[in-house]
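User: I have a model open and want to go through it. Can you take my questions as they come?

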Amino acid sequence: MPITYLYSSKKFALAALMMLAFGFALWLYVTTAVPGLIVRTGIEAEAAQLQRAANRLGIAHSTGYPIFTMLGHLAARLGETLGQSPYTWVTYLSGLFGAISVVLFFLLALRLTSIPAATAATFLFIVTNTIWYAATITETQTLNAICLIGILWLSVIYIQHPEHFYPLIGMVVL
């Protein structure tokens, strides 16, 4: 068997695992997401504030979370266009961010371990209480997870290949 064939089939298998992890995480987070406007006390009180700010392009509080608010506004408009609650779609955005952080976690784990270990760690990461909970309410933690895991992944790439410059640019962007 030619080496290029083995290499391309391995890349295909890794891409399939990434898509499977992303699809499973997105399905899990969206199907267990809190529907509508979240009106509760405690940590969920901020979720309602973020939903309203994203729906109206307002400012949630002093930090404002401008990236989350603008992307949430787009999600709210999409939800309204589809005839659904815009607040639910802002919550779905947290699920999407959670699923993206799962893919980045898988890429990070692949850099540090074997494929089976990275796959197992990723599926455990999907169902950890912190990530699952943050992905099912309107919270900025899943967007923060994208940034943190992305920076860790790019750091590992740079440590393994210091001759490459693109990880440094990626870290600056994140």
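Analyst: A definition to start: Lys and Arg count as positive, Asp and Glu as negative, and His and the chain ends are not counted. Each charge is placed at NZ of Lys, CZ of Arg, CG of Asp or CD of Glu.

User: How many positive and negative side chains are there, then?

Analyst: The protein chain has 7 positive and 5 negative side chains, with the centres of the two sets 7 Å apart.

User: Where does the model come from, and what are the ground rules?

Analyst: The model is predicted: local features need pLDDT of at least 70, side-chain atom pairs count only at pLDDT 80 or more, and totals for chains, interfaces and linings use all residues. Residues are numbered from 1 along each chain as its sequence is written, and side-chain values use heavy atoms, leaving out hydrogens and water.

User: Which elements have the lowest and highest mean pLDDT?

Analyst: pLDDT is the predictor's confidence in each residue, from 0 to 100. Helix α2 (residues 43-56) has the lowest mean, 80, and helix α5 (residues 115-126) the highest, 96. The protein chain averages 89, and 92% of the residues score at least 70.

User: How many helices and strands?

Analyst: 8 helices and 0 strands, taken as DSSP runs numbered from the N terminus (helices H or I, at least four residues; strands E, at least two).

User: What about leucine 57, what is its phi?

Analyst: Leucine 57 has a positive phi of about 55° although it is not a glycine. Most residues other than glycine have a negative phi. Leucine 57 is in the loop between α2 and α3 (66-81).
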